[in-house]
Amino acid sequence: MLIRVLSSSEGEIISEVVLEDHDPALAALYHAASKLLLDVEITDGPRITCPTVRARGQDPARATYFIPQGWDLTDALDELPAAFTDARPEAARNLRLIDRAKKDSEGKIDHALDVVAMLILDTDDPEGVYDEVLGLFGEDRADGVTVDAPAAAA
């Protein structure tokens, strides 16, 4: 967590955390949460009774996955997608669209789509990200390009 905080203050994004020589359930949980740019906190506070994602301050893109102390980490990993969707439904919807586009493109543009996904997670502004990316190619949505267009048309 310290590395992520220091990197954030330097304007860097850590998109993936891999723990070696730790409990496999803990390592899997941290890895999955890091791919969603979530910090993980195991808490014994009375207000957290089940795993939940909560924004830090007013910025929904800066969030923490809170897990009650004593909760099975494998179960917490299973709950992560639903908790993320509850906290950031628009980002989750766009990540599903990107996953579908990755399958449709058969790996040809996976890296580019991963970058778009990371920008959406970091900014919490899917529309702004799409507009910026399309603008880089001299396109805008007024030209008939839509976010929900099939990947084959891209």
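**Close-up 1. Threonine 52 in strand β2.** Threonine 52 belongs to strand β2, residues 52-56; strands (E, at least two residues) and helices (H or I, at least four) are DSSP runs numbered from the N terminus. The model is predicted: local features need pLDDT of at least 70, side-chain atom pairs count only at pLDDT 80 or more, and totals for chains, interfaces and linings use all residues. Residues are numbered from 1 along each chain as its sequence is written, and side-chain values use heavy atoms, without hydrogens and water. Threonine 52 counts as buried because its relative accessibility is 19%; buried means under 20% relative accessible area, exposed over 50% and partly exposed in between (1.4 Å probe, protein chains only). Beyond its neighbours within four places in sequence, threonine 52 is in contact with Thr64, Tyr65, Phe66 and Ala83, contact being heavy atoms within 4.5 Å.

Close-up 2. In helix α6 (residues 126-136), Pro126, Val129, Tyr130 and Leu134 are buried. These buried residues line one face of α6, because they fall within an arc of 125 degrees seen down its axis; the arc is that of the directions from the helix axis to the C-beta atoms. Exposed Glu132 and Leu136 sit on the face turned away from the buried side. The cover over the buried residues of α6 includes α4 (89-104) and α5 (110-123).

**Close-up 3. Leucine 29 and its contacts.** Leaving aside neighbours within four places in sequence, leucine 29 is in contact with Val40, Tyr65, Ile67, Leu73, Ala76 and Leu77.
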